[in-house]
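Hi everyone, thanks for making time for this. Please have a look at the model on the screen, and I'll walk you through a few parts of it.

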Amino acid sequence: MIKVIAVDDEPLALRQLESYIAKVPFLKLVASCRSALEARAVLEERAVDAMFLDINMPDLSGVDFVRTLAAAPLVVFTTAYSEYAVEGFKVDAVDYLLKPFSLSDFIKSCDRLRARFEALHAQSSIESGVSDDALFFKTDYKTVRVRLEDILYVESMSEYVKIYTLGAGAPLLVLLSLKLLCEKLPESRFMRIHRSYIISLAHLKEVGKGEVVLEDSTKLPVGELYRQELKDYLRDRSLG
């Protein structure tokens with residue numbers, strides 16, 4: 001799945017984007033934003049692979065917004081003004097959709113987006129050297145191997161993360177952002193449930209109102225921004 005956000009200051013255009021995204025099976029809408037500032041807040045907390053981004057927005061244009069990002073997701077620009085196309089491609093946009101665009105036009109852009117995403121993902125997997133069952137973390141002047149199946153949850157502590165594992169007396173403290181770690185962990189096995197927490201789905205025991213309980217009885221809050229993804233996960237796996 002390609003995790004995307006939709007950014008447009010026009011409510012009707014934003015709803016159309018949401019509708020189109022819902023029709024593409026390999027896209028997952030993480031958030032809808034009415035401004036570049038809203039989008040920035042989402043990018044700081046969520047793992048996002050791509051943006052469908054309007055260019056002509058008040059305060060900060062889509063092109064200028066992308067230029068402010070140290071590590072921008074893939075971008076498909078949307079705009080009603082064809083003269084912005086050249087500016088859009090100067091920031092290495094995947095594609096450019098001229099409003100009003102049809103669903104078929106949108107799907108063609110999504111196919112280009114998927115091709116770019118898969119090429120980057122394949123390259124990243126080779127370069128990272130991360131195995132399927134473990135990650136290596138640098139901590140206290142040494143490198144520690146942690147099996148994915150042993151991770152209970154991860155807690156963000158400003159510039160550090162605490163990695164809680166089965167049977168360990170104390171968590172592993174690593175200088176790393178929660179967002180970066182979320183991008184490295186397989187999404188089929190881990191889920192971010194709060195701006196400060198990632199949990200292992202294999203060790204999820206209960207889900208209550210606004211919180212989850214893990215197998216070791218740890219209770220963690222579920223943030224508003226992450227509740228729908230957790231609900232979708234549960235819905236797809238619930239019986240009765």
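Predicted model: local features only at pLDDT ≥ 70, side-chain atom pairs only at ≥ 80, totals over all residues.

Residues are numbered from 1 along each chain as its sequence is written, and side-chain values use heavy atoms, with hydrogens and water left out.

When I say helix or strand, I mean a DSSP run, numbered from the N terminus: H or I with at least four residues for helices, E with at least two for strands.

Let's start with strand 4, residues 74–79. How many of its six residues are buried? Six of the six are buried, so to speak a mostly covered strand by the definition I gave. In a regular strand, side chains alternate between the two faces of the sheet. Here, L74, V76 and T78 sit on one side, V75, F77 and T79 on the other, and all are buried.

Now for the neighbours of strand 4. Two strands pair if DSSP finds at least two bridges between them. Strand 3, residues 50–54, pairs with strand 4 in the parallel sense over five bridges, and A50 stands opposite L74. To get from strand 3 to strand 4, the chain passes through helix 3, residues 62–68, in a right-handed β-α-β crossover. Right-handed here means that, with the strands pointing away from the viewer, the path from the first strand over the helix to the second runs clockwise. Strand 4 also pairs with strand 5, residues 95–98, again in the parallel sense, over four bridges. There, F77 stands opposite Y96.

On to charges. Side chains of opposite charge can pair when their charged atoms come close. I count a salt bridge when a side-chain nitrogen of Lys or Arg is within 4 Å of a carboxyl oxygen of Asp or Glu. By this rule there are 14 salt bridges.

One of them joins D8 and K99, at 2.6 Å from N to O. D8 is in the loop between strand 1 and helix 1, K99 is in the loop between strand 5 and helix 5, and the two are 91 residues apart. Are D8 and K99 buried or exposed? Both are buried.

Another salt bridge joins R145 and D133, at 3.4 Å from N to O. R145 lies in strand 7 and D133 in the loop between helix 5 and strand 6, so this pair ties together parts 12 residues apart in sequence. R145 is partly exposed at 44% relative accessible area, and D133 is partly exposed at 40%.

E149 and R147 form a salt bridge too, with their closest N and O atoms 3.2 Å apart. E149 counts as partly exposed at 44%, and R147 as partly exposed at 36%. Elsewhere, salt bridges that share partners join K28, D232, R235 and D236 into one network.

Finally, let's visit D150, in the loop between strand 7 and strand 8. Why does D150 count as buried? Because its relative accessibility is 18%.

Note on methods: Buried < 20%, exposed > 50% of the residue type's maximum accessible area, 1.4 Å probe, protein only.
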